[in-house]
Amino acid sequence: MLALNAPPGQAPVIQPFVHYRCLCSSPGPSATASRTPSTTRTATPTRTTHRDDKDMDIDPTTTPTTTTDPTTSSPSADLVPATAALTLHQQHHSHHQHEQDSAGERSKTPAEVYDSGNNSDPHGSHSLSRLYFCDSCDEIRCPKCAQDEIVCFYCPNCLFDVPTASVKSEKHKCSRNCFECPICQSTLSVVSEDPDAGMITAVAATGQYHLACNVCQWNSQEIGMNFEKPTGLAGNPLMDTWTTDCKTEDSLPDVKEFDRLKDHLEKYFRVHSLKPGLPSSLLTSIQSGTLQSLRYVSTSSHKAQQSDDIAHYTPAVQVMEDTENLEKLMSITSLSETTTMKQRLRQLQNQTYSTQRLQPQRIQLRIKRSRRCRSCRHILVKPEQKSQSTGFKINLIALSQLPNITIAGLQPMIVQTVSRVILRFTNPRHEEAHVSLRYGDGAIPNHGVVIHSPSFTISPFNVVWEYEVGTMVTAPGAVQEDVYERTANSTSIALDITPAAAGEVKIPLLVTFTFKSHKLQSDTEPSALPTQLVVSGSKDHPPPEVELIDKTVAFWTVIGFGEALPTFS
Amino acid sequence: MFGSGNIVEENAVIINRGPEALIIGDNNVFEVGSVMEGMKIGNRNTLEVKAHVKSGTWLGDECVIGTVCATNENEILPDRTVIYGSRGDRRIFTGSRANQAAVHSKHLEYLMQFLPKYNHARSSS
């Protein structure tokens, strides 16, 4: 909701939007709905591979084949716990429709309609820019049904590709001259005291270079940090004297104390190691020194005390009452001498309260991720390995595969008055595509929708036409009646909407998109085509590398048109 | 009253909102889009892009008003105040902005060399 557009003092203006729904996070049948829904039939997706992210379970019953199976009891039961986790706070009404696609080889049962917000909401209704399209499953994938993997690590400042092996040893921080300002967390630059400009300060024996922040004008001379050469500052041995950085982590007093405590308690584990309550993985986790073991230590020591006494452990370090810090904090006169939470949390070694003890930290590395379809494990997007390049090696985004629906014309909506809306469908593909629409009339509230052209084609996209000014009204031969307008690669159709109630007008539309696609040799399904290929190959004709076959995708969209004003009484 | 060595860039606004004379010191930089409505400003200050000094404010020496940052009205800012960040944090900076004077004089030299070539102002003679 863009509150910016609303005049002050009023509620945020509801903007029109177009959202596409992904099959994965379809809420379950009426059991989970809090409002009384109008369910006609409970439907289950044929592909039980779509699992809600929050449950984090991979469905073992993944069926790669695409048999149509309208109602089976077990998948619907699986859906209920998945969606019970989803419907934490959001009320929705659900409406199920079983959709059989006549033209396609597969049947998809898209999900129901409910109240969704303007942006991509947790229930799976996204704008097209956020979606991917898996071309082997031929389905929409939302970011939740895509799995992330790390491609490379890089420093955001110097754009250096850090080899994966040295990432861990450098503690995920840049090992060159990249530091961030302790005060404002912006990047520091290495500055020299320039003798040429006549600003010869007393030449310090330690050298000429120091770090300076361009935003808050902090420089490292305030804490006495000077360098002799401007490169390789992170590895500079002088850095260690100024910072309690991660390289000397093992010598920190709290880490040493933890090791001692572990050693002390470990002998008790060896004695009682056969207790059934302790998992056998406990010993390995202690030896690997993970922090999780701390949790196990506390519970198991409790059990140990019930049967045996552990010798009293005297810590090597006494935690003193921090009176010095307390007095300092009690006598603060100006807030500029104390650190903010953000500054403190950047420096986890000592988390000082005093700004004088803040030190520049090395900049944390960032990653590039690739996304993978959860069901078929094909890669959807994969960025290039080089950190400087922002392109993608594989880029299967929905914007380039599915028609982009935009609202091209909108009349103000008034309850019980017909208003006309123009929807423009833009075809990004290089072949002609066919679209048919259907209104999902089980929605609440049920607005009257008349689609003038429920079935139409869209011309393919041609780069040449991008440079032509003005619309090109083409009649590609096929007779399409009642299309509102046809331009280069888009078709606009008209809808007549009669809002039934005041408030936000949202209509669900089932879009069936048929397009020609190259049939890959690898994912052949049992059909006659591959055998034809084999036959033609054996006859010494060069087998056709690619074939264009018809594929169909059906998906629900939710289109919002803003608010409908109540009628004048 | 305008000092010497100031650099005023495009779309900078300097307005005197008060009854007395507006005093501007030397070697200040008013970057693009900055607005100066205060009463006084000292030497070697920098008003970064779209900075806003509100009316009645006095600026000391060597202050830096950061990008899109603003002061409050009727305020007296001590020397070497830096206003920065998205929330307008402030601090007084210590240490030297060592190269700043050098950079400023080089900036002035450059402008004095190149502006007459492209900016045909009528000379006094």
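Figure 1. The rule finds 13 salt bridges over all chains, a salt bridge being a side-chain nitrogen of Lys or Arg within 4 Å of a carboxyl oxygen of Asp or Glu. The model is predicted, so local features need pLDDT of at least 70 and side-chain atom pairs count only at pLDDT 80 or more, while totals for chains, interfaces and linings use all residues. Side-chain values use heavy atoms, with hydrogens and water left out; residues are numbered from 1 along each chain as its sequence is written, and chains are lettered from A and ligands numbered from 1 in the order in which they are written.

A:Arg369 and A:Asp148 form a salt bridge through their side chains, at 3.3 Å from N to O. This pair links distant parts of the chain, 221 residues apart: A:Arg369 is in strand β11 (residues 366-373) and A:Asp148 in strand β5 (residues 146-154), both of chain A. Helices (H or I, at least four residues) and strands (E, at least two) are DSSP runs, numbered from the N terminus. A:Arg369 is partly exposed, at a relative accessible area of 48%, and A:Asp148 is also partly exposed, at 32%. In these terms, buried means under 20% relative accessible area, exposed over 50%, and partly exposed in between (1.4 Å probe, protein chains only).

**Figure 2. Further pairs between the two strands.** A:Asp148 also meets A:Arg371 in a salt bridge, with 2.8 Å from N to O. Here A:Asp148 in strand β5 and A:Arg371 in strand β11 of chain A are 223 residues apart. Another salt bridge joins A:Glu149 to A:Arg372, whose closest N and O atoms are 2.7 Å apart. A:Glu149 lies in strand β5 and A:Arg372 in strand β11 of chain A, so this pair ties together parts that are 223 residues apart in sequence. A:Glu149 is partly exposed, with 26% relative accessible area, whereas A:Arg372 counts as buried at 18%. Through shared partners, salt bridges join A:Asp148, A:Arg369 and A:Arg371 into one network. Side chains of opposite charge can pair when their charged atoms come close.

**Figure 3. A nonpolar surface patch on chain A.** A:Leu329, A:Ile332, A:Leu335 and A:Tyr353 make a nonpolar surface patch of about 360 Å². Patches are made of residues with over 30% relative accessible area and no salt bridge; like charges are joined within 9 Å, and nonpolar side chains (Val, Leu, Ile, Met, Phe, Trp, Tyr) within 5 Å. Areas come from the Shrake-Rupley method with a 1.4 Å probe, and for residues only the protein chains shown count as cover. A:Tyr353 sits in the loop between α8 (341-346) and β10 (361-362) of chain A and is partly exposed, at 33% relative accessibility.

**Figure 4. The interface of chain A and chain B.** In this view, 15 residues of chain A are in contact with 13 residues of chain B, contact meaning heavy atoms within 4.5 Å. The two chains bury about 1100 Å² between them, with 52% of it on carbon and sulfur atoms. Buried area is the accessible area (1.4 Å probe) that two parts lose on being put together, summed over both.

**Figure 5. Positive phi in two loops of chain A.** A:His172 is not a glycine, yet has a positive phi of about 60 degrees. A:His172 is found in the loop between α2 (164-169) and β7 (179-180) and is partly exposed, at 39% relative accessibility. A:Gln416, a residue other than glycine, also has a positive phi, near 60 degrees. A:Gln416 is in the loop between β15 (413-414) and β16 (419-426) and is exposed, with a relative accessible area of 60%.

**Figure 6. Surroundings of B:Glu37.** B:Glu37 is placed in the loop between β5 (35-36) and β6 (40-41) of chain B and is buried, at 13% relative accessible area. The side chains of B:Glu37 and B:Arg17 make a polar contact at 2.9 Å. Leaving aside neighbours within four places in sequence, B:Glu37 is in contact with residues including B:Ile15, B:His52 and B:Lys54.

Methods
A polar contact is a pair of N or O atoms within 3.5 Å; within protein, one must be able to donate a hydrogen and the other to accept it, and residues adjacent in sequence count only if both atoms are side-chain atoms.
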